[in-house]
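The sequence and structure come first.

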Amino acid sequence: MAEHHVCPVWVGYLLASPVRKLLQNPNKILKPYVNEAMTVADIGCAMGFFSLPLARMVGPNGRVICVDVQEKMIISLEKRAQKTGLSGRIETVICNDGSLGLDNIKEKIDFALASAVVHEVPDAAGFFSEIYKVMKPGGRLLLVEPKGHVSEKDFETTVSIAEQHGFIAADTPQIKRRRAVLLQKKP
Ligand SMILES: C[S@@+](CC[C@H](N)C(=O)[O-])C[C@H]1O[C@@H](n2cnc3c(N)ncnc32)[C@H](O)[C@@H]1O
């Protein structure tokens, strides 16, 4: 377990509940940015509420790199991927608070999702810097934070940290109970 405060595993089970789709439908949220055969990343994936729909969207020729700091979340995600026959499209990475462990995939990611994770990350600057390096030029990062945990002001601060690391704010998608911004790496 990481030293920094992270989402407890029991909350991970709640976040993976299919009932959540009524509020936050992964297909509606992600489909505008994801196509067949893309390489995408789900950073702070937990048990895969978004990772499994992403795996369906990228199809058999795509891949989803799922990163989480908690081994138990990743193990549960792997079991879910196996049950749904999507394991072949999913790669998992157990990272640590100081690094996402993605050094080997420079400029390969078409789309990345960071949903409800940045407020748990101790070094947001390092986080965005690492993601920037793995994104393809023009690649997009959907940054989403829960309104219940992250004030408008704190979200603006987070977005400005991302911008300081090269991302450009391209859109502000509307997602229930969430603050969201679509960031883009310069083409
Ligand atoms: C609130 S959950 C959100 C899960 C998922 N993205 C969703 O929206 O359902 C936050 C997840 O981020 C992970 N996390 C926290 N700090 C992290 C870090 N530094 N790097 C990667 N993942 C981290 C936690 O372990 C947890 O699984």
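## Strand pairing

In this predicted model, Asp68 has Ile94, a residue of strand S3, as its bridge partner. Strands S2 and S3 pair in the parallel sense, with five bridges between them. From S2 the chain crosses through helix H4 to S3, a β-α-β crossover that is right-handed.

## Helix H3

Helix H3 spans residues 51-58 and is mostly covered, with seven of its eight residues buried. The buried residues are Ser51, Leu52, Pro53, Leu54, Ala55, Met57 and Val58.

Their cover includes two helices, H2 (26-30) and H4 (71-83). It also includes strands S1 (39-43), S2 (63-68), S3 (90-94) and S4 (109-115). Just after H3, Gly59 adopts a positive phi of about 75 degrees.

## Nonpolar cores

The largest nonpolar core holds 31 residues, and Leu102, Phe127, Phe128, Leu143, Phe167 and Leu183 have the most contacts inside it. Two or more residues each come from strands S1, S2, S4, S5 (135-146) and S7 (178-184), and from helices H5 (124-134) and H6 (152-164). H5 supplies the largest share, six residues.

Which residues does Phe127 contact, leaving aside its neighbours within four places in sequence? They are Ile43, Leu100, Ala114, Val117, Val118 and Val121.

Conventions
Residues are numbered from 1 along each chain as its sequence is written. This is a predicted model: local features need pLDDT of at least 70, side-chain atom pairs count only at pLDDT 80 or more; totals for chains, interfaces and linings use all residues. Side-chain values use heavy atoms; hydrogens and water are left out. Buried means under 20% relative accessible area, exposed over 50%, partly exposed in between (1.4 Å probe, protein chains only). Helices (H or I, at least four residues) and strands (E, at least two) are DSSP runs, numbered from the N terminus. Contact means heavy atoms within 4.5 Å. A nonpolar core is a set of buried Ala, Val, Leu, Ile, Met, Phe, Trp, Tyr and Cys residues joined through side-chain atoms within 4.5 Å. Two strands pair if DSSP finds at least two bridges between them. A crossover is right-handed if, with the strands pointing away from the viewer, the path from the first strand over the helix to the second runs clockwise.
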